[in-house]
Amino acid sequence: MVGCSSNTPVQGSKDEPGDVVEVVGENEGAAAKMGLGVITSIAKSKDADDNNTLALGQVDTVMVAASFDQEGKVVSITIDNAQTRVNFDADLKVTNDKAAEIKTKIELGDAYGMINASEIGKEWYQQIDELENWMVGKTVAEIKAMNVKEVDASHPAVPDVPELTSLVTISIQDYVAALEKAFANAIEVEGAEKLGLGHVVSIGKSKDYSVDADGNETLPLAQVDTVMAATAFDTDGKVVGTIIDNAQTRINFDAEGKVTSDKAAEFKTKIELGDAYGMINASEIGKEWYQQIAELEKWMVGKTVAEIKAMNVKEVDDSHPAVPDVPELTSLVTISVQDYIASVEEAFTNAK
C-alpha cells in the first residue's frame with residue numbers, strides 16, 4: 001500500500017488538530033487507521049473588469065486519503081486536486097456545460113499540461129506520485145519537517161531535499177496540510193489491504209445573472225460540489241472503513257461580476273461544518289448531514305462495492321433521486337446517495 005532557497009520546514013494546517021483515534025494494529029507496518037483531509041481555496045477566482053477580463057469562479061479542493069500504521073507512519077497515500085473553474089460570459093451567464101464530467105488533476109493526466117512549463121519535464125501526476133512515495137514510511141511530524149524553499153509567490157514551499165529536488169517542483173504546503181487533517185480525522189480499520197480515493201465533482205447548481213419581470217435580481221453564483229470518499233478494502237474487496245465528505249463551495253458575485261465572497265476565508269466541508277451546516281432544520285428524521293453520512297458509512301462496512309451498488313433506493317423528488325430504501329437506513333438516512341456510492345466505487349477502482 002502505498003513543486004532561491006531558504007531552508008524552512010513546511011507549515012501544516014492552520015486548523016487546530018482534532019482528536020486522534022488510538023491506534024490498534026497487530027502487525028508493525030500494517031494499516032491501523034485511515035483518514036481523509038481536505039483543503040479548499042477560491043483565491044484564484046477573478047472579477048469581471050473593463051479590460052475584457054471575464055468573471056471566473058475557481059475552486060481548488062485538495063484531497064488526501066491516507067492510511068497509517070500503529071506508529072503513525074504513512075502506509076498508503078493518494079493526493080489529488082479538483083481544480084474546478086466556472087466561467088461566465090460578459091452577461092454573467094455560465095458558459096460551462098453544467099452536466100459535463102469534471103476531472104481532477106490526476107484524472108486529467110497528461111492533458112493537465114503542466115509538463116510544457118516544467119523545468120524537470122514532469123507532469124503534475126508524476127510529481128505528486130514521487131511526493132507520495134517519499135511520504136510512505138514517515139510520520140506526519142517527519143513530513144512537516146521537510147526542508148522547503150520559496151521559488152516565487154506561487155511556489156512558497158517547494159521540496160528542498162536531495163531525494164526530491166529533481167523530481168518535484170510543485171509547492172506542497174496544501175498537500176501536507178491536508179495530510180495532517182487526514183491523520184487528525186483518522187478512524188480505526190482492521191484488515192485493510194488497499195486504500196482508494198474516489199470523487200464526483202459538479203457545478204450543476206451554479207447560477208447565471210438574471211432579472212425577472214418584477215425586477216428581482218438573481219446574482220451570479222459559482223457553486224462547486226466536490227464529493228469524495230476515502231475507502232479501505234480487505235483482500236475480498238469488502239469495505240473495512242470509509243470516510244465520505246462533500247466540499248460544497250459557493251463563490252458569490254455582484255451584478256457587475258465582482259467576487260463578493262472572501263477569497264481568503266477558510267472553507268469547510270459538510271463534515272467540518274457539523275451542526276452549522278443546518279440541514280437538521282429541514283430534516284424529517286431530525287438528523288444533520290454528518291450524522292446521516294455516518295450511518296451510511298457504517299452500513300457500507302463489510303460489504304463489497306457490488307453489494308453497496310445493489311442497495312434499494314427510492315426517488316423522493318428531483319433533488320433526491322436515490323434515497324436509501326432498506327430497513328436498516330430508512331429512519332436514519334434521507335439524503336440522496338448516488339454520488340456517495342459512485343465515489344466509493346471509484347475509490348475501489350483506484351485503490352492501491
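This is a predicted model: local features need pLDDT of at least 70, side-chain atom pairs count only at pLDDT 80 or more; totals for chains, interfaces and linings use all residues.

Student: Where do I start with a helix pair?

Tutor: Two packed helices are described by the angle between their axes and the distance between the axes. Take helix α2 (residues 124–135) and helix α4 (residues 173–184): their axes come within 12 Å and cross at roughly 45°. That angle makes α2 oblique to α4, since angles from 65 to 115 degrees would count as roughly perpendicular and those under 35 as roughly parallel. As for handedness, the crossing of α2 and α4 is right-handed.

Student: Which residues of α2 and α4 meet?

Tutor: From α2 you have Trp 124, Ile 128, Leu 131 and Met 135, and they meet Tyr 175, Val 176 and Leu 179 of α4. Sorted by class, this contact has 7 nonpolar residues, with no polar and no charged ones.

Student: Is α4 largely enclosed or largely open to the outside?

Tutor: Count its buried residues. In α4, 9 of the 12 residues are buried, so the helix is largely enclosed by the rest of the structure. Tyr 175, Val 176 and Leu 179 are among the buried ones, and so are Glu 180 and Lys 181.

Student: Let me try the second pair. At what angle do α6 and α8 pack?

Tutor: Helix α6 (residues 289–300) packs on helix α8 (residues 338–350) at about 45°, with the axes 12 Å apart. The two are therefore oblique to each other, and their crossing is right-handed.

Student: What does the contact of α6 with α8 look like by residue and by class?

Tutor: On the α6 side there are Trp 289, Ile 293, Leu 296 and Met 300, which meet Tyr 340, Ile 341 and Val 344 on the α8 side. The contact divides into 7 nonpolar residues, no polar and no charged.

Student: Which residues of α6 are buried, and what covers them?

Tutor: The buried residues of α6 are Trp 289, Gln 292, Ile 293, Glu 295, Leu 296, Glu 297, Trp 299 and Met 300. Their cover includes β12, α5 (270–273), α7 and α8. The length check works here too: the 12 residues of α6 should span 16 Å, and its end C-alpha atoms are 17 Å apart, which agrees. After α6 comes Gly 302, with a positive phi near 90°.

Student: Now a single residue. Where is Met 311, and is it buried or exposed?

Tutor: Look for Met 311 in the loop between α7 (305–309) and β13 (313–314). Its relative accessibility is 7%, so Met 311 counts as buried, the cut-off being under 20%. Leaving out residues up to four places away in sequence, Met 311 touches Leu 296, Trp 299, Pro 324, Val 326, Leu 329, Val 337 and Ile 341. The C-alpha atoms of Met 311 and Asp 325 are 7.6 Å apart, though 14 residues separate the two along the chain.

Note on methods
Residues are numbered from 1 along each chain as its sequence is written. Side-chain values use heavy atoms; hydrogens and water are left out. Helices (H or I, at least four residues) and strands (E, at least two) are DSSP runs, numbered from the N terminus. Buried means under 20% relative accessible area, exposed over 50%, partly exposed in between (1.4 Å probe, protein chains only). Contact means heavy atoms within 4.5 Å. Axes are lines fitted to C-alpha atoms, for helices over the stretch in contact, and angles run from 0 to 180 degrees between N-to-C directions. Angles under 35 degrees count as roughly parallel, over 145 as roughly antiparallel, 65 to 115 as roughly perpendicular and the rest as oblique. A crossing is left-handed if the near helix is turned anticlockwise from the far one by less than a right angle, and right-handed if clockwise. Ala, Val, Leu, Ile, Met, Phe, Trp, Tyr, Cys and Pro count as nonpolar, Asp, Glu, Lys and Arg as charged, and the others, Gly among them, as polar. The expected span of a helix is 1.5 Å times one less than its number of residues.
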